[in-house]
Amino acid sequence: MQTFIRLTSLGILLSLSTLTAREPVTLGTGSPENAVHVTIIYDNYQDNPSLETDWGFACLVEYQDHRLLFDAGNKADLYKTNVKLLEIKPEEIPSLFISHEHGDHTAGIPWITKTNPSIKCYLPATYAKQLKAKNKLPLNSVGISKPTHLYGPYYSTGDDFEGIKEQGLIIKTEDGGVLITGCGHPGVVKMVSVAEKSLGIEIHTVIGGLHLLQSSDEEVKKIAAELKNMGVKQICPTHCTGEKSIALLKESFGDGYISGGTGKEITIK
């Protein structure tokens, strides 16, 4: 257990904040060496009370010897605070994957790239073009438009969807794949379908925002049924999924449901 000192907004009062040691959620019976580790850095739901919450999403992904930062939250200072409390060191992580252009997923980009100038940024192609036009494109950036292999176990769905342009991250394992979404604007079923049909990776776990706040109960139940028919066995719906939709997905997936929240550590064997 490690103790951190934080300055309050008064600038004089000091308070001690202890990051509570928490056991990660472990799923599956595979070997630890072949486990995918996901640590939620930023979320509007809370798992670890020692960390701050806010509307947005970001996480750290680790698989075997490969590490990747996914999205960057809504407030740069809050993202930075949670990263430091979790003892994550961006300067040691080789890549940053951004799902889409919305501010609740991108605020920490300048701090990350300043901390690690050599970090490689995988951006949706449309977002990369926008940043380039504004002279804000990070130096080491790649715009992704089509389903593609990035490096190691990491793949992108690409952003070639109708509506809001968003890419999903896929981690390929021996048993299939894990899909991580920022908001799932294109529709999680479509994103899973791209992984399977275009990349040949059957998704067994979905983690992230699913943008189901305005969806009816019937729509959510249909999505759950379609995902299960496609082979998805585990789901961690958080961020913009909506509490009602989260409850319905929890009911549908049963033991395969994983709660989200800032500070949540998920290990998938």
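## Helix α3 and its packing

The buried residues of α3 pack against α2 (109-115), β8 (120-124) and β9 (141-144). This is a predicted model, in which local features need pLDDT of at least 70 and side-chain atom pairs count only at pLDDT 80 or more, while totals for chains, interfaces and linings use all residues. Residues are numbered from 1 along each chain as its sequence is written, and side-chain values use heavy atoms, with hydrogens and water left out. Helices (H or I, at least four residues) and strands (E, at least two) are DSSP runs, numbered from the N terminus.

Helix α3 spans residues 125-133, and its buried residues are Ala 125, Tyr 127, Ala 128 and Leu 131. Viewed down the axis of α3, these fall within an arc of 160°, so they line one face of the helix. The arc is that of the directions from the helix axis to the C-beta atoms. Lys 129 and Ala 133 are exposed on the other side of α3. Buried means under 20% relative accessible area, exposed over 50%, and partly exposed in between (1.4 Å probe, protein chains only). After α3 comes Asn 135, with a positive phi near 60°.

## Ala 125

Ala 125 sits in helix α3. Its relative accessible area is 16%, so Ala 125 counts as buried. Leaving aside neighbours within four places in sequence, Ala 125 is in contact with Gly 143, Ile 144, Ser 145 and Asp 159. Contact means heavy atoms within 4.5 Å. Ala 125 and Gly 143 are 18 residues apart along the chain, yet their C-alpha atoms are separated by 4.0 Å.

## Helix α1

Helix α1 covers residues 76-85, and its buried residues are Leu 78, Tyr 79, Asn 82, Val 83 and Leu 85. They cover an arc of only 165° around the axis, which puts them on the same side of α1. An α-helix has 3.6 residues a turn, so residues three or four places apart point the same way. Glu 87 follows α1 and has a positive phi near 60°.

## Strands and hairpins

Strand β5 (residues 57-63) is largely enclosed by the rest of the structure, because six of its seven residues are buried. Strand β4 (residues 36-43) runs antiparallel to β5, and seven bridges join them. Two strands pair if DSSP finds at least two bridges between them. Ile 40 stands opposite Cys 59 in β5. β5 also pairs with strand β6 (residues 66-70), in the antiparallel sense and over five bridges. Glu 62 has Arg 67 as its bridge partner in β6. The hairpin of β5 and β6 has two residues between the strands, and there Gln 64 takes a positive phi near 55°.

A further hairpin involves β10 and β11. Strand β10 (residues 148-151) pairs with strand β11 (residues 154-156) in the antiparallel sense over three bridges. Tyr 151 has Tyr 154 as its bridge partner in β11. Two residues lie between these strands, and Gly 152 takes a positive phi near 50°.

## Nonpolar cores

The largest nonpolar core has 27 residues, of which Val 192, Ile 203 and Val 206 touch the most other members. A nonpolar core is a set of buried Ala, Val, Leu, Ile, Met, Phe, Trp, Tyr and Cys residues joined through side-chain atoms within 4.5 Å. At least two residues of this core come from each of α4 (188-199), β14 (203-209), α5 (217-229) and α6 (243-253). α4 gives the largest share, six residues.

Leaving aside neighbours within four places in sequence, Val 192 is in contact with Leu 179, Ile 203, Val 206, Leu 227, Met 230 and Val 232. A second, separate core holds 25 residues, including Leu 60, Leu 69, Val 83 and Ala 128.

## Cysteines

The whole structure contains zero disulfides. Cys 183 is in none, and the nearest cysteine sulfur, that of Cys 240, is 3.5 Å away. That is too far for a bond. A disulfide is a pair of cysteine sulfur atoms within 2.5 Å. Cys 183 is buried, with a relative accessible area of 3%. Cys 240 is buried as well, at 2% relative accessibility.

## Confidence

Mean pLDDT for the chain is 90, and 88% of its residues reach 70 or more. Residues 1-18 have pLDDT below 50, and this stretch has 29 contacts in the model beyond near neighbours in sequence. pLDDT is the predictor's confidence in each residue, from 0 to 100.
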